[in-house]
Amino acid sequence: MSVLEVSELELSYGGIRALKGVSLSLEEGQITVLLGANGAGKTSLLKAISGLVKPSKGEIKLWGESSLGWPAYRITSLGVAHVPEGRGIFAGLSVRENLQIGGFLAPSKEMPARIEQALTLFPRLKERYSQLAGSLSGGEQQMLALARALVARPRLLLLDEPSLGLAPIIAQEIFRTIRQVHQTGLSVLVVEQNARLALQVADYAYVLKTGEVETHGPASEIRGLEQVSKAYLGVT
Amino acid sequence: MSASYFIQQLINGLAIGSLYALVAVGLSMVYGILRLINFAHGDLMMIAGMLGATLFLWLSKSPLFLFVALALVAGLLGLALERIAYRPLRGAPEVNLLITSFAVSSILQVGMQMIFSSSPRRFETVAALSKLYSFGSVQIRGADMATFFITILSALLLTWFTRRTRTGIAMRAVSENLDTSMLMGINPSRPIALAFFIGSLLAGVAGVLWGWKYGQVDPLFGFLPGLKAFVAAVIGGIGSIPGAFVGGYVLGLAEVFFVGFLPPSFSGYRDVFVFSLLFIVLLVKPQGILGQSKGRRA
Amino acid sequence: MKAWGWLGLVIAFIPLLIWAELGWNGYLLQLFMFLGLYIALTVSLNLVNGLTDIFSLGHAAFMALGAYTSALLTLPLSRRATAFPALPEWFQTLVLPFPLALLLGALVAALVAYIIGLPLLRLKGHYLSVGTLALLVIVETLATNMDFLTRGPRGISGIPVYSNAYWVWGITLLIIYLTVRLKNSSFGLAFSAIRLDDIAAASLGIRTVRYRLFAFVLSAAMAGVIGGLWAHLVRVISPHVFSYGITFQVVAMLVVGGLGSVSGSVLGASLLFLIPEALRYVERQGSFGLSQILVAVLLILIVIFRPQGLLGRNQARRRAKEVV
C-alpha cells in the first residue's frame, strides 16, 4: 500500500490555478523528490497534503484513508510532519520549547527520550538548547525545523526546500541527515531546487511544470533525462 | 517635591498600573492570536464590577468567594462571546472582527444599562480593604495593596504557565504562527478559547478590584480603561504577556506622574497625554518594549 | 452615472425639498434632515474606510472640529462676552456668515487631518484604526477641558439655526456626487490597487502615502461640514455628542450597507437610522436601549453572514489569519 496517493488534484488561489490535476504516489520507506521551477506548484502541493490549503478538486489518500478537507492538525495526528517553506520555526520560543511543541501530540513521558534522540542527530542544537530559536543561524534553524519534525516520530515527512539559503556544506549535512533518518523506515517527500543534491539521495522523482506533472520515474532515470539535466542540473 | 510625595505618587501609579495590566493581558493574548482588538474586553471588567455591586449584600460574609465567583463569571462570559461572536469570523477580514467587538461592547453596555439603569452603584467593600495603612508619611489603601499583590501573583502564574506547561507553550506557538502550530498537531480553537477565558477572568478580577478601589461602578466604566489597557498592551509589545504587565505599569506610572507633577489645571488632560503616548509609541517603536519586531505585525 | 443623470437627480430632488420645508411637520422635517446628515456621514466615511485600506474610527473627531468652529464663528455677539470672556477682541466682534463658517469648519478639520495624517498614515491595519480612535479620544478630551474655548462639558448653546433641508440635502448630494466621482476616477482605481496590495501598488508607481492622505483629508473636510450642519440644526453641542456612540453608529451603517459601495452607504444609513427611529415608540414604553442592541445584533449578523454588506462588492480584502 502506498503511503500517499494524490489523484487529479486541483487548487486555485483567487483566480490563479496553482495545481491543474496533479497525481502522484509515494511508496513506503522511499525518498521522493519533487522538482520544478518556481511557481510550478510544489509548495502548494505540500500544503494541500498537510491540510494548510483546501484543494478545489481531486483526492488525497494517506495510508489508504481520504484526508481531503481535514484540518492540518488532524492530518498531523496521522503521522505526517511538514517542515514548511522558510522553516517555520517559532522564533520567540527557545530551542527546547520548539522541540517540545514538535512533540505536542506525543505522550509527555516519552518527551525527554525523543528530544534526546533528535539532539543526537544535531549536536549543535544541544549547545543552543535554551536560546531563542530566532537567534540561530540559518543552518541551525533548518536543523531545528528538521529535529522538531522528528520529535513527532512521523511516518511521512514533507520537506519544503530544506537547502534554501544554506551554504553548500550545510545543505549536504542536512541531506545526509535526511538519508540517515530515512533508514529507520520513514517515507520522505522533499521539494528541492537543488536537483543535483536531491537526486543523489532520492529513490524516485516527480517533475512539476506549471501545475502539472511533467514526468516522473526512478531518480536514476530522471537524472539521465535530457530536459531535466538542462533545466535543473545546469548541464548544457 | 518631597521624597514622600514622590513615593506616594509611585504607589498610586503602581495601583492604577496594576489594573491596566490585568486588563491588558487579555487584550494582548487575544490580539496575539487572532489579530482582534477586543473593544468588549473592558466591558467584561464592567460586568464583574456591576454584578459585584449588586450581589455584595448577599455575599458580604465572604468577599473572597465573591471575588472568585465574579472572576469566573467574567471568564465564562468571555468564553461564550468567543464562541458566539468571534469564532464564526475566523478567517474573515480583520476589520470584521474589530466591528464585531465594537458591537459586542455596545450590547454589553446597553444591556447592563437596561437591567441596572445607568446610574452609578455603590460597591461595598470590607474594612480591611478600605482602611489606610501608614508607613511613615506614606499611606497605602488596603485595596491598592491587594490589587498590587494579586497582579504580581497573576503575572508570575501566567509566566510560569506560558513557559513551563505544554498548553502554555502551545499558546505562544499559536500566537506566533498559526499555520505552523497546526502542523505541530495543535487545534488552535483550544488555545484561543483558553486565551479568552484567562484574559476575561483577569478582566473580571480587575473589575472587582476597581470597585474596591473607587467604591462605585456604572455600566460605562469599562470602556475607557479597556482602551487604555490596549494602549498599555501596545506600549509593552502587543502579543507579549510579560509586555502587557510592563506596559500596564509604564502607563499607570506615566499617567500618575503626569497628573502629579504638573499644575492641577492640567489634570483633565490626562487622557490626551495617554493617547498621545500611544501615537508616539506606534510611530517610534510599534513593536513595543518587549514585543518582537516582525513585518507581519504591521 | 452621467452628468445629466446627476442633474436630473438634483432637479427631481428640488420639489421634494420645497415640499419638505413648506408642507411637512416639524418632526418629519427633522427626521428628514438627520437622515441626510447620517447618509452624508456614512458616504464620507466610505471615502476612507471603503475606498482605501484605512479603517478610521475617528470620523466623529472631525465632525466635532467642524461643529465647534462653525458654532463659535456664528454665535450671536450678545452671548460671547459672557460665555467666552477669555477669547480675544476680534472674536468678540466678528460674526461670520453661515456658509463661510461651514467652510472654515471644513478647513480646520482638513488641516488637523493633514497634520495628524502625515505621521499617522504611516501605520497600517489595526494600528491605524487604533490611532484614529486615539485621535477621537484626544479631541473629545480637549473639548471637555479647554473651557475657555468650548465651555467644557456644558457645551455651547444658543447656536443659531441655519441648517434647513436645502442646506443639508444640498451638501449630502454634493458629498455623494464627489465620492462617486472619486470612486470612478483614476484616484478610485489607485485606491483599489492600494487596498488590494499596498506593495504592488507602490511598485507600480502609485504614491500610496499621498493618495491615502488625500482621501483622509477630503473625508475629514466633509465630516467638518457635516459637523457644522449638525451644530446649526440641534443648536446645542457638547463634547460627548461627537464620541464613540456616533462613531459606532456610522461604522455600523457603513458596514451594513457594504464597504466601498456608495449606494450601500445610502441604504445602510437609511435603514439603521429609520429602524431605531421607528422603535423609539416602543422604547418610550420603558425598554430604553432596545434599538441600540438591535443595531448591534444586526451588525454582527451582517458581518458573519454577509460580510460584504447588503450592497457591497464581494472581493477578497486583506484577511485575518486563516484558522481551521
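Between chain C and chain B of this predicted model, the count of salt bridges is zero.

Although no salt bridge is counted between chain C and chain B, the count over all chains comes to 18 salt bridges. Side chains of opposite charge can pair when their charged atoms come close. In chain A, the side chains of A:Lys126 and A:Glu116 meet in such a salt bridge, at 3.2 Å from N to O. Because A:Lys126 lies in helix α5 (residues 123-127) of chain A and A:Glu116 in helix α4 (residues 111-121) of chain A, the pair ties together parts that are 10 residues apart in sequence. Both partners belong to the middle class of accessibility: A:Lys126 counts as partly exposed at 43% relative accessibility, and A:Glu116 is partly exposed with a relative accessible area of 38%.

B:Glu255 and B:Arg270 meet through their side chains in a salt bridge, at 2.5 Å from N to O. This pair links distant parts of the chain, since B:Glu255 is in helix α11 (residues 241-261) of chain B and B:Arg270 is in helix α12 (residues 270-284) of chain B, 15 residues apart. With a relative accessibility of 1%, B:Glu255 counts as buried, whereas B:Arg270 counts as partly exposed at 30%. The pair belongs to a network in which salt bridges that share partners join B:Lys228, B:Glu255, B:Arg270 and B:Asp271.

The other pair in chain B is the salt bridge that B:Arg122 forms with B:Glu124, whose closest N and O atoms are 3.3 Å apart. Here B:Arg122 counts as exposed at 59% relative accessibility, while B:Glu124 counts as partly exposed at 24%.

The backbone also deserves a look. Most residues other than glycine have a negative phi, and most peptide bonds are trans. A:Arg153, however, has a phi near 50 degrees, which is a positive value in a residue other than glycine. Its place is in the loop between α6 (138-151) and β7 (156-160) of chain A, and A:Arg153 is partly exposed there, with a relative accessible area of 41%.

In chain B, B:Ser117 likewise has a positive phi, near 70 degrees, in a residue other than glycine. B:Ser117 lies in the loop between α4 (94-116) and β1 (121-122) of chain B, and with a relative accessible area of 32% B:Ser117 is partly exposed.

Conventions. Residues are numbered from 1 along each chain as its sequence is written. Chains are lettered from A and ligands numbered from 1 in the order in which they are written. This is a predicted model: local features need pLDDT of at least 70, side-chain atom pairs count only at pLDDT 80 or more; totals for chains, interfaces and linings use all residues. Side-chain values use heavy atoms; hydrogens and water are left out. A salt bridge is a side-chain nitrogen of Lys or Arg within 4 Å of a carboxyl oxygen of Asp or Glu. Helices (H or I, at least four residues) and strands (E, at least two) are DSSP runs, numbered from the N terminus. Buried means under 20% relative accessible area, exposed over 50%, partly exposed in between (1.4 Å probe, protein chains only).
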